[in-house]
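Hello,

Here is the structure I promised to pass on to you. Please open it next to this message, and my notes on what turned up follow below.

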Amino acid sequence: MAERFVITGSTLPSGERADLRLEGGVIAEMGSIADAAGATIVDADGLIALPGLVDLHTHLREPGYEQSETVLTGTQAAAAGGFTAVFAMANTFPVADTAGVVEQEASLGRAAGYATVQPIGAVTAGLKGEQLAELGAMARSRANVRVFSDDGSCVFDPLLMRRALEYVKAFDGVIAQHAQEPRLTEGAQMNEGALSGELGLAGWPAVAEESIIARDVLLAEHVGGRLHVCHVSTAGSVEVIRWAKARGIDVTAEVTPHHLLLTEDLVASYDPRYKVNPPLRRAEDVEALRAALADGTLDIVATDHAPHPVEAKESEWDAAANGMVGLESALSVVHAAVVETGLLDWADVARVLSAAPARIGRLAGHGQALAVGAPAEVVLYDPAAASDFALDRLAGRSVNSPYLGRRLPGRVLATFHAGYATMLDGAIRPADEVARLAAEREVERG
């Protein structure tokens, strides 16, 4: 029998208090609910109810790199962080560059049941940057792909980038670019600047990001295509995107939680947990990114959740892999970086972590405001539950979090996907229970 819930006393993003009845996969009733007969009551007094979070930039690693993450473990991490939908990047093995691979990923997500898994297709075959992948076939597949990215690599060839931007117009697709000029970043280990010189580490200059963004917004304008810029990390990039938007170019952009909070100073510890691509930047860049998220120049926060096995991170700095896990910590980091600092309120958080990423990715059934008749995609967050971020917060397979031991505000206590609970009372539901509930929901949908 399908689960039914009555959430009592929650605080909506607007600041209003309301009860919510979740039934039949939708929000069936809101306001003051007197009759909770037949439903599980969830006491949400003091908790913020947000629409289920949507991550436009997740690495689930399956197929091919299951030692780091799987669709199951990655979506468990998503549920622990309040995410009800994730867009899975294409750098798997085999690469997600055909209809068959993206359909497999989506199917694994449906079977696991913790979150909607929307595959991202590769822009170029094998991520090699030589010829376009099967963009049309992936768009027409059961996975209904609308976002394409070679993330991890830049689509450096301007002719290929132009053709990709033109091609996806036919089905309202978007090209999500990893902006990194490869010749300017050969051997790069951290942000280029005074500190990289002091530490003796090869620098990753800001201009390597900014120059690709400048080229690509002009290409998008030329062909009338949709461009999305992944993990923006510099103040200069913000200015290029701000200029492009003022010009009317169809460009959107994301910032990661770690680029909103952490700075290059952490690299002085040589702790590989802080090694990421693009690298952690200067404090001035962090301030510019926060301001740009607040004024809408940057549209969304996306995690760039990048799990790695222990041996890939516990090594000397030069040899360590780039990347951080981020699904479980994202909401707390956003809380610390832009809510506690007064730049965003909870309605803004719902926009940048739910509504806008769903809109950019053209993902139906997610990102809608909490209202009667809306899909029952809900997260309950305790803003008062500050704690040291610890291993018990990590629900995925990998533990390469830069926040371990760091004091962070808030905690996700419950996540509801398609009307059933994937997380309750701060604990992930068992996989067999969630898979059964997901299968029941599929049957109800027909």
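Strand β2, covering residues 17-23, is mostly covered, with 5 of its 7 residues buried. Please keep in mind throughout that this is a predicted model.

With strand β1 (residues 5-11), β2 runs antiparallel, and 5 bridges join the two.

**A parallel sheet and a buried helix**

Further along you will find an open sheet of 3 strands in the order β6-β7-β8, paired in parallel. Its edge strands are β6 (53-58) and β8 (116-119), each of which pairs on one side only. From one strand to the next, the twist averages 20 degrees. Strand β7 (residues 83-88) is joined to β8 by 4 bridges, and V86 stands opposite V117 in β8.

How much of helix α1 is buried? Of its 10 residues (71-80), 9 are buried, so α1 is largely enclosed by the rest of the structure. The buried residues are V71, T73, G74, T75, Q76, A77, A78, A79 and A80. After α1 comes G82, with a positive phi near 90 degrees.

**Two helices side by side**

Helix α6 (residues 206-223) and helix α7 (residues 235-246) have axes that come within 9 Å and cross at roughly 10 degrees. Angles under 35 degrees count as roughly parallel, which makes α6 roughly parallel to α7. On the α6 side, the residues that meet α7 are E209, E210, I213, A214, V217 and L218. Their counterparts in α7 are G236, S237, V240, I241, W243 and A244. By class, this contact has 8 nonpolar, 2 polar and 2 charged residues.

**The nonpolar cores**

The largest nonpolar core has 96 residues. Which residues have the most contacts inside it? They are F148, L293, L298, L331 and L353. Helix α11 (residues 330-339) gives the most to this core, with 7 residues.

Leaving aside its neighbours within four places in sequence, L298 is in contact with V232, V238, I241, A253, V255, L289, A292 and L293. One of these, I241, is also among the α7 residues that meet α6. As general background, nonpolar side chains in soluble globular proteins tend to be buried together.

**Backbone points to look at**

Finally, a few spots where the backbone geometry deserves a look. Most residues other than glycine have a negative phi, and most peptide bonds are trans.

- F93 and P94 are joined by a cis peptide bond, with omega at about 5 degrees. P94 sits in the loop between β7 and α2 (99-112).
- N277 and P278 are also joined by a cis peptide bond, with omega at about -5 degrees. P278 is in the loop between α8 (257-261) and α9 (283-295).
- Y270 is not a glycine, yet its phi is positive, at about 55 degrees. Y270 is found in the loop between α8 and α9, and its relative accessibility of 37% makes it partly exposed.
- D425, again not a glycine, has a positive phi of about 50 degrees. D425 lies in the loop between β20 (420-424) and β21 (427-428). Is D425 buried or exposed? With a relative accessible area of 74%, D425 is exposed.

Conventions
Residues numbered from 1 in each chain as written. Predicted model: local features only at pLDDT ≥ 70, side-chain atom pairs only at ≥ 80, totals over all residues. Heavy atoms only, no water. Axes fitted to C-alpha atoms, helices over the stretch in contact; angles between N-to-C directions. Parallel < 35°, antiparallel > 145°, perpendicular 65-115°, else oblique. Contact = heavy atoms within 4.5 Å. Nonpolar A, V, L, I, M, F, W, Y, C, P; charged D, E, K, R; others polar. Buried < 20%, exposed > 50% of the residue type's maximum accessible area, 1.4 Å probe, protein only. Core = buried A, V, L, I, M, F, W, Y, C linked by side-chain atoms within 4.5 Å. Pairing = 2+ DSSP bridges.
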